Amino acid sequence: MNKSVYTLGRLKSEVFRALDEYSSNGLGHEIFSGGTGDIDKRFIPALNSAIRLIFLSSARQEKTCLVALQKPEKLMAICDFSVAGNEKRKIMLPLNSGAVSFDFSGNGSFFILDSGEGIISEHKLSTEYGNIENCKKIIQSNAVCIEFTASSEEFLSVSGLYSYNISSVRGCLEEKFLPDGKRVFCAFPPRCAEICSVSTEKRGRRIPCPSDIFNFSEGLLSCEEKYSGNYNITYCEYPEEIPENASPDTELSLSPAAFGAAVYAVAAELCAREDGEMYSRLTYKYREMLANTYPVENYSLKNSFFAGGLFGRRKKGRNFFR
């Protein structure tokens, strides 16, 4: 075997060697029924956990992407209204309405109607008592009006109702990318672990921006409408997870140092339930390997407090484009 190639099978063999009480010549065996009997089943989840741990503890590779957070044209804005009991509230839509968004509290229904007041689609609205949620919907081209009704003996409160012309905005073909009246959204790498730095261009020069104007989660990046624009974002991305059905020949994208640390991190995770003493010993070995491999400066990476260049975290109300 080429020693420079690290495979899943090779890692597994090394892990079982580290788990000397649970293995024989690098092969796992069950020393008793119970937790150690399912080590093989727990191996891949433990490996993915270890890879993330190593990623967070060591030098990370940065990636850069250009994102466009666009604010569509608002065609209609209605502040607040409510319907009670079996009441109805009908609202005509402006021309070119391609989407609507609103906040609501209570229980009822939201209908999209055509010119003959036929129901194109119906959407149930329900929140726990006192909670406020947001609803975003794409409006079909033949829609003329929308209607709100409250459930029997219930109360439905609606606020911040907007309709949008989304025809000129890229990426608004899915409802999760629609604006919600306060924030705009775009797609973002789902494995993003941290936004390292952000910049934009203004009048031909690049301006650093504070990273805390953005939220990211599950492949969505968002910011307040007032910060809409194009941004260059440098970020760190979690490694891809190893699938459960991966073959022993699957190559692992690990450096020699990371592979050695992964052996002890996986082994510690696998024995944590049954053997506290061995877990402590393996965890100490893992930390020792990291400390001896990666330079001290890697542990002083800038966090979001300092992201955005010289001024650090954005002061409240500060316009960083000035």
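These legends walk you through several close-up views of a predicted model. Residues are numbered from 1 along each chain as its sequence is written, and side-chain values use heavy atoms, with hydrogens and water left out. Because this model is predicted, local features need pLDDT of at least 70 and side-chain atom pairs count only at pLDDT 80 or more, while totals for chains, interfaces and linings use all residues.

**View 1. Helix α2 and its kink at P45.**
Helix α2 covers residues 39–57 and has a kink of about 30° centred on P45. Here the bend at a residue is the angle between axes fitted to the seven residues ending there and the seven starting there. Helices are DSSP runs of H or I with at least four residues, strands are runs of E with at least two, and both are numbered from the N terminus. Buried residues of α2 include I39, F43, L47, I51 and F55. Buried means under 20% relative accessible area, exposed means over 50%, and partly exposed lies in between (1.4 Å probe, protein chains only).

**View 2. The largest nonpolar core.**
A nonpolar core is a set of buried Ala, Val, Leu, Ile, Met, Phe, Trp, Tyr and Cys residues joined through side-chain atoms within 4.5 Å. The largest one has 34 residues, and L11, V15, L19 and F43 have the most contacts inside it. Helices α1 (8–18), α2, α3 (256–271) and α4 (276–293) each supply at least two residues of this core, and the largest share, 11 residues, comes from α3. Apart from it lies another core of 20 residues, with I91, F148, A150 and L156 among them. Look also for L19, which touches A267, L270, C271, M278 and L282, not counting residues up to four places away in sequence; contact means heavy atoms within 4.5 Å.

**View 3. An open sheet of 3 strands.**
The strand order is β11-β15-β14, with antiparallel pairing. Two strands pair if DSSP finds at least two bridges between them. β11 (183–187) and β14 (215–217) stand at the edges with a single partner strand each, so one side of each is left without a neighbour in the sheet. β11 is joined to β15 (residues 220–224) by 5 bridges, and C186 has L221 in β15 as its bridge partner.

**View 4. Strand β12 and its partners β13 and β16.**
Strand β12 (residues 192–202) runs antiparallel to β16 (residues 229–237), with 6 bridges joining them; S197 has T234 in β16 as its bridge partner. Another 5 bridges join β12 to β13 (residues 205–209), also antiparallel, and here E201 is partnered by R206. β12 and β13 form a hairpin with 2 residues between them, and R203 in the turn has a positive phi of about 55°.

**View 5. K74 in strand β4.**
K74 belongs to β4 (residues 73–84) and counts as partly exposed because its relative accessibility is 33%. The side chains of K74 and E225 are joined by a polar contact of 3.2 Å. A polar contact is a pair of N or O atoms within 3.5 Å; within protein, one must be able to donate a hydrogen and the other to accept it, and residues adjacent in sequence count only if both atoms are side-chain atoms.

**View 6. S121 in strand β7.**
S121 sits in β7 (residues 119–126) and counts as buried because its relative accessibility is 14%. Its side chain makes a polar contact of 3.1 Å with the side chain of H123.
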